[in-house]
Amino acid sequence: DLRAADFSAFFVAGKLLRSGLGHQLYNLQAQASLQLYPRFRALPLPYIHAPYEAALFALLAALPYRTSYITWNLLNVALLAWLAWRLKPWLNSLAISRPLIFALSLAYWPIVMVFVQGQDSILMALLVAEIFIQLKQGREARAGILLALCLFKFHEAIPLALCFAWN
């Protein structure tokens, strides 16, 4: 049910920005005022991510909800394909093709749930892969910028930063 999807919180955050209410981004009452299905839940699924991520969803919030959700999932498919393409040089020992890597990732249950819920985990995975690639190429500054972009999921970015700092 799309009304319960994580995407609903992203969509409402985008609507708040589009309505000029960015200063109310973390106000639950403001989020509730834009809630899509008020009879479905007492309060909206709260938006708890970094404000710069809401800017991405402000673009999608210009569309009707279902169209926005489908567009987000199509973007996730493109990001997943890009991820398979970018990681292939480091997966040569597996002797599998990029299309097979992509197809196998679509069969992985957590990835399926990304599409069902409209989550942003593929975006995070792509950023982590790009950090790895930049570090392998000796581009620490670029890796640091990408790591900063990961802070929309700070609970994942902080341990990631510690791992990279440790190595």
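Helices (H or I, at least four residues) and strands (E, at least two) are DSSP runs, numbered from the N terminus. This is a predicted model, in which local features need pLDDT of at least 70, side-chain atom pairs count only at pLDDT 80 or more, and totals for chains, interfaces and linings use all residues. Residues are numbered from 1 along each chain as its sequence is written, and side-chain values use heavy atoms, with hydrogens and water left out.

**Stop 1: Ser 19**

Select Ser 19, in the loop between H1 and helix H2 (28-33). Its relative accessible area is 44%, so Ser 19 is partly exposed (buried means under 20% relative accessible area, exposed over 50%, partly exposed in between, with a 1.4 Å probe and protein chains only).

**Stop 2: the rings around Phe 7**

Next, show the aromatic side chains. Rings of Phe, Tyr and Trp (its six-membered ring) pair if their centres lie within 6.5 Å; planes under 30 degrees apart count as stacked, over 60 as edge-to-face and the rest as tilted. The structure holds 10 aromatic pairs. In one of them, Phe 7 with Phe 11, the ring centres are 6.2 Å apart and the planes stand at 40 degrees, so the pair is tilted. Helix H1 (residues 7-18) contains both Phe 7 and Phe 11, 4 residues apart, about one turn of the helix. Both residues are buried.

Now select Tyr 65. The rings of Phe 7 and Tyr 65 have centres 5.6 Å apart and planes at 50 degrees, so this pair is tilted. Phe 7 belongs to helix H1 and Tyr 65 to helix H4, so the pair ties together parts that are 58 residues apart in sequence. Phe 7 has 0% relative accessibility and so counts as buried; Tyr 65, at 8%, counts as buried.

To see the cluster linked by ring pairs, select Phe 7, Phe 10, Phe 11, Tyr 26, Tyr 47, Phe 57, Tyr 65, Tyr 69 and Trp 72.

**Stop 3: the nonpolar cores**

A nonpolar core is a set of buried Ala, Val, Leu, Ile, Met, Phe, Trp, Tyr and Cys residues joined through side-chain atoms within 4.5 Å. The largest has 17 residues, of which Phe 7, Leu 25, Tyr 47 and Phe 57 touch the most other members. H1, H3 and H4 each supply at least two residues of this core, and the largest share, 6 residues, comes from H1. Apart from this core lies another, of 11 residues, among them Ile 131, Ala 143, Cys 150 and Leu 160.

**Stop 4: H3 against H4**

Select helix H3 (residues 51-60) and helix H4 (residues 65-87), whose axes come within 9 Å and cross at roughly 120 degrees. Axes are lines fitted to C-alpha atoms, for helices over the stretch in contact, and angles run from 0 to 180 degrees between N-to-C directions. H3 is therefore oblique to H4 (under 35 degrees is roughly parallel, over 145 roughly antiparallel, 65 to 115 roughly perpendicular and the rest oblique). Leu 56, Phe 57 and Leu 60 of H3 make the contact with Ser 68, Thr 71 and Trp 72 of H4, where contact means heavy atoms within 4.5 Å.

**Stop 5: H4 against H6**

On H4, select Tyr 69, Asn 73, Asn 76, Val 77 and Leu 80, which meet Ile 111, Val 114, Phe 115, Val 116 and Gln 117 in H6.
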